[in-house]
Amino acid sequence: MLTVTLQSFLDKVKWGKPFDWDGVTFIPLMAESPLSDLSFLLLPEALQAQKVVIREVGDGEIRELEAEVKSDEPILALQGTILQGGKQDRMLNISLLLAPKQRQRIPVSCVERGRWGYRRSSPLKAAWMAAMVAHAPLRHFLCLTAHTTYRITGEVRADQQQIWGEVGRASRRAGVISETEAVGEVYRRLGEKAEEILEGMRGEGFPLPKQVGMISVVAGRVWGLDLLPNPTVWAKVWEGIVQSNLFGVLVRERGEREGENGEAARAFWSALRENEGEVKKSPVGLGEHWLLRPPLEGFALVYRDSLLHLFAFS
């Protein structure tokens with residue numbers, strides 16, 4: 001059981017100079033010392049190094065995949081990671097710390113409604129990629145629906161109909177027609193514009209030294225706070241997380257501004273510091289999940305009193 005509080009982690013974090021683009025504000029989060037010294041691999045690098053093998057469960061289960069960890073180190077798999085391959089592309093429902101040298105069933109949701117079968121272009125049925133993070137509204141649906149079942153049943157299951165609905169909405173907004181209704185096609189269409197913005201951020205020095213996370217604010221609402229254990233990990237994931245928010249912005253329906261971004265971020269930070277949350281033992285792998293309580297949504301993944309990933313939004 002946890003002997004630390006969420007506030008104890010946030011006390012170690014300071015805000016850096018924001019980066020603004022077209023009504024979007026990215027606020028870097030900085031830390032003088034790591035929030036965790038735990039040694040682990042990230043899922044994309046583990047897949048590339050063949051330190052983990054992803055498989056369909058039996059003949060295939062839409063809501064589950066099997067992860068066989070071959071490494072001596074645990075593997076950190078982040079919520080919203082798009083897993084491309086198998087019989088259809090999936091998305092990870094919540095962040096997990098996969099235990100070393102074990103087979104584990106991981107909770108996922110489908111983001112490719114129109115395919116149920118191995119691609120002819122892929123000779124290896126076990127070939128999987130984890131190169132993208134779901135756009136922000138899709139990550140929101142994961143939290144809003146999967147956390148409800150998590151609290152009640154202990155299973156992290158999202159509302160698949162809502163997930164498909166958001167994939168369809170994003171496809172229409174992006175002008176994408178995909179034969180298999182794959183969300184990855186939307187991201188490929190928007191990739192060039194997102195890369196332009198990322199290049200501007202790199203020109204401003206991002207990722208910054210000592211940066212461990214970021215708050216993303218859109219039209220007066222916090223779309224996402226992602227906080228990772230140390231600058232090395234953040235440097236590996238920051239582009240995917242920024243793209244996640246940019247993809248969401250590029251397919252959103254613009255309305256009236258809800259408020260000022262800086263004010264919204266400060267109110268969010270204050271509410272996050274006071275959020276007591278609810279602790280649940282992770283149903284897969286190692287550690288515990290700290291499920292935030294309304295008016296905020298999100299979770300923290302903690303292992304041995306060390307923060308591995310915090311994702312929250314308002």
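## Disulfides

In this predicted model, a search of the whole structure turns up 0 disulfides. A disulfide is a covalent bond between the sulfur atoms of two cysteines. The cut-off used here is a pair of cysteine sulfur atoms within 2.5 Å.

For Cys110, the closest cysteine sulfur belongs to Cys143 and is 19 Å away, so the two are too far apart for a bond. Cys143 is likewise in no disulfide, its nearest cysteine sulfur being that of Cys110.

## Burial of the cysteines

Are Cys110 and Cys143 buried or exposed? Cys110 is buried, and its relative accessible area is 0%. Cys143 is buried too, with a relative accessible area of 1%.

## Packing of H5 and H6

Two packed helices are described by the angle between their axes and the distance between the axes. Helix H5 covers residues 183–203 and helix H6 covers residues 231–250. They pack at an angle of about 120°, and their axes lie 9 Å apart. H5 is therefore oblique to H6. The crossing of these two helices is right-handed.

## Residues in the contact

Which residues make the contact between H5 and H6? From H5 come Tyr187, Leu190, Gly191, Lys193, Ala194, Ile197, Leu198, Met201 and Arg202. From H6 come Trp238, Glu239, Val242, Gln243, Leu246, Phe247 and Leu250.

Sorted by type, the residues of the contact of H5 with H6 comprise 11 nonpolar, 2 polar and 3 charged.

Definitions and conventions. Residues are numbered from 1 along each chain as its sequence is written. This is a predicted model: local features need pLDDT of at least 70, side-chain atom pairs count only at pLDDT 80 or more; totals for chains, interfaces and linings use all residues. Side-chain values use heavy atoms; hydrogens and water are left out. Axes are lines fitted to C-alpha atoms, for helices over the stretch in contact, and angles run from 0 to 180 degrees between N-to-C directions. Helices (H or I, at least four residues) and strands (E, at least two) are DSSP runs, numbered from the N terminus. Angles under 35 degrees count as roughly parallel, over 145 as roughly antiparallel, 65 to 115 as roughly perpendicular and the rest as oblique. A crossing is left-handed if the near helix is turned anticlockwise from the far one by less than a right angle, and right-handed if clockwise. Contact means heavy atoms within 4.5 Å. Ala, Val, Leu, Ile, Met, Phe, Trp, Tyr, Cys and Pro count as nonpolar, Asp, Glu, Lys and Arg as charged, and the others, Gly among them, as polar. Buried means under 20% relative accessible area, exposed over 50%, partly exposed in between (1.4 Å probe, protein chains only).
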